[in-house]
Amino acid sequence: MSGDMMEEQGEGVSGSATPTEETNGTGNLMDFLDEPFPDVGTYEDFHTIDWLREKSRDTDRHRKITSKSKESIWEFIKSLLDAWSGWVVMLLIGLLSGTLAGVIDLAVDWMTDLKEGVCLSAFYYSHEQCCWTSNETTFDNRDKCPQWQTWAELMTGHAEGAGSYLLNYFLYILWALLFSFLAVSLVRVFAPYACGSGIPEIKTILSGFIIRGYLGKWTLLIKTVTLVLAVSSGLSLGKEGPLVHVACCCGNLFCSLFSKYSKNEGKRREVLSAAAAAGVSVAFGAPIGGVLFSLEEVSYYFPLKTLWRSFFAALVAAFTLRSINPFGNSRLVLFYVEYHTPWYMAELVPFILLGVFGGLWGTLFIRANIAWCRRRKTTQLGRYPVLEVIAVTAITALVAFPNPYTRRSTSELISELFNDCGALESSQLCDYVNNPNMSRPVDDIPDRPAGPGVYSALWQLALALVFKIVITIFTFGMKIPAGLFIPSMAVGAIAGRIMGIAVEQMAYHHHDWIIFKNWCRPGADCVTPGLYAMVGAAACLGGVTRMTVSLVVIMFELTGGLEYIVPLMAAAVTSKWVADAFGKEGIYESHIQLNGYPYLDVRDEFTHRTLATDVMRPRRSEPPLAVLTQDGTTVEDVETLIKDTDYNGFPVVVSRESERLIGFVQRRDLTLAIKNARQKQEGVVSSSVVYFTEDGPALPASDPQPLKLRRILNLSPFTVTDHTPMETVVDIFRKLGLRQCLVTRSGRLLGIITKKDVLRHMAQMMNQDPESIMFN
């Protein structure tokens, strides 16, 4: 119940004492709860917040500030500062998350290259930066310059030969093991919550669950450092998911500066929703995609005000990252592409096939990964997280080094797969046979037959595809920061590029076929394999996460390929349909279920015909409901009840005979109120009567002073009748974000339904284990 109203209800007695009180010998009875004391209305760890209560508390706070602002100039300035605090928090979140993302990008670039060699002119330069500054770099060998030396060259003086290859191979594995060992050790020792992608937990927190320390300062620091180490170790993981967690940690950090957010869990979650948008904005350089991602994928409660603030936070974050310019191409975009040919209607067939592949890969990945994570939870494997990380890193590095497409960082691989083959490309994928008497402008190179380089590249890509599909299943969910966006996109991009080259060669060799005749003249540039890679990446990411709108926007912001929205949409929708046919949950929802977080998904439909009376507790075989009476309970009774039970709150009734409901009181508030009263209010002892009414009970003068606790009583708890369909109850819990709801019949209290009961019932109806919801 809200502050002001409770004060009004508490003020009746606090002024002058009534005659009955004077006969008690208490003189002026102080209702000490008129003065709010610390921690009332806060929540324990692993508990759900009460959205309605938080909302009404904020409304009261706002009403107080507005009425005070008319009193003096100073109060008016304070009210302005309060109104602006939301935008200030967004500005700070944008600046910090943008800066951290820029630093992470630069550090990852340098440390990834450190596995292969070192820059002699300045050891802190990555390979690319090292050769930018060199004067001896030729265009054909732009990756080779005397300033950059591989480890074998530095130690033995020989760049080529079997010995130096083996030495480079050995050092590559050694560096990878060192980075991943450091990452997993730091996570284990300093911040266990810094592992994983963080998005399942962020979704749960935004739905109103409390996980203390998950967004703390230590988690922020360790996650930022270990994310660099994990990505640099060459494991099949991305930094995009963890960047959302990092941005939310920044949001939580700045919330603590303003009491408006630090003292209200509902308001804090509005800030965290906007922080998630800033996280995606810097992860992909996609501000609008970030806002849509927060809206579609992570947020539970997303009012219009939060939409504008998310937009502002994402804008500031993107602007900050752009001024750091970590990619050195003056673009926010990770994989900027420029294609010179439009796409044709007939190409929708391969695009939709890529969508089907994405949906199937999404289903396979989710099932295999969840099975492996469940095995990790239930067997001995979970006891050795460091060993597991070391083993997976060793296997990844061993298999990755011989193949040039898996040796490099996944982002570089995707970037190369997205690229169009221009006249200046030196990649193996662009090794086509040129027509000697070709005299056309450089941009519009016609379709050409594939040369030997393309065929060997195709073999290597096919092996890379199998490797990525298998290894990502075992990597995601280990005890290090690990995102899923980049590995999923890599799988799709490889499959897409292979299909693109296949279609291109068919169009070249069979341009008289009926499907190619209309749009592919000999000597024209018809098919862009890079576009297929882009569509495949979108399809696979959609299959795993089940995003649609935000995915398409992120993809075209990521690549700058605005005119390819229709192919991207076709692939995203197809992959969602195919994946949904096998199971409705995306990877994040599956991990939420696996961890047993109390998350009521808005997208789940409840279609069973059960009633509130079937779900409420106590059941017939259970002891009766623990209740308090309005004026017949002593302090000792209340303390015994709190000690003997672990319920989150207690209904207050007129008497045990009538069971007429008056209100509901939270366990934590009761504990704090009694503790505080014993310290500050004289005469409160174990035999003092606790009362929740306006006026105290008439007691003999010899009795100790009673304790009034009306202030902490919620006089308008949410109630339903015993014949309310569960479909309606589930909807009420979802839309109002309730913690619990009382069940009555014509004013008499029958039982209680908590969020956990609702989740258990839903699990039971879907033939799952109802005990898997392990948190309160």
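Phenylalanine 284 is buried, and so is phenylalanine 485 (buried means under 20% relative accessible area, exposed over 50%, partly exposed in between, with a 1.4 Å probe and protein chains only). Please keep in mind that this is a predicted model, where local features need pLDDT of at least 70, side-chain atom pairs count only at pLDDT 80 or more, and totals for chains, interfaces and linings use all residues. Residues are numbered from 1 along each chain as its sequence is written, and side-chain values use heavy atoms, with hydrogens and water left out.

**Aromatic pairs**

- The structure holds 23 aromatic pairs; rings of Phe, Tyr and Trp (its six-membered ring) pair if their centres lie within 6.5 Å, and planes under 30 degrees apart count as stacked, over 60 as edge-to-face and the rest as tilted.
- One of them joins phenylalanine 284 and phenylalanine 485 in a stacked arrangement, 5.3 Å centre to centre with 25 degrees between the planes.
- Phenylalanine 284 belongs to helix α12 (residues 265-284) and phenylalanine 485 to helix α20 (residues 485-509), so this pair ties together parts 201 residues apart in sequence; helices (H or I, at least four residues) and strands (E, at least two) are DSSP runs, numbered from the N terminus.
- Tryptophan 372 and phenylalanine 474 pair edge-to-face, at 4.8 Å centre to centre and 85 degrees between the planes.
- Tryptophan 372 is partly exposed at 22% relative accessible area, and phenylalanine 474 is partly exposed at 29%.
- Trp110, Phe123, Tyr124 and Tyr125 form one aromatic cluster.

**Charges over rings**

- Arginine 309 lies over the face of tryptophan 87, 5.3 Å from the ring centre (NZ of Lys or CZ of Arg must be within 6 Å of the ring centre and within 35 degrees of the ring normal).
- Arginine 407 lies over the face of phenylalanine 401, at 4.1 Å from the ring centre.

**Strand β10 and its partners**

- Five of the six residues of strand β10 (residues 740-745) are buried.
- Strand β9 (residues 719-721) runs parallel to β10, joined by three bridges (two strands pair if DSSP finds at least two bridges between them).
- Threonine 721 has threonine 744 in β10 as its bridge partner.
- On the other pairing, β10 and strand β11 (residues 748-754) are antiparallel over six bridges, with glutamine 740 opposite threonine 754 in β11.
- β10 and β11 form a hairpin with two residues between them, and serine 746 in the turn has a positive phi of about 40 degrees.
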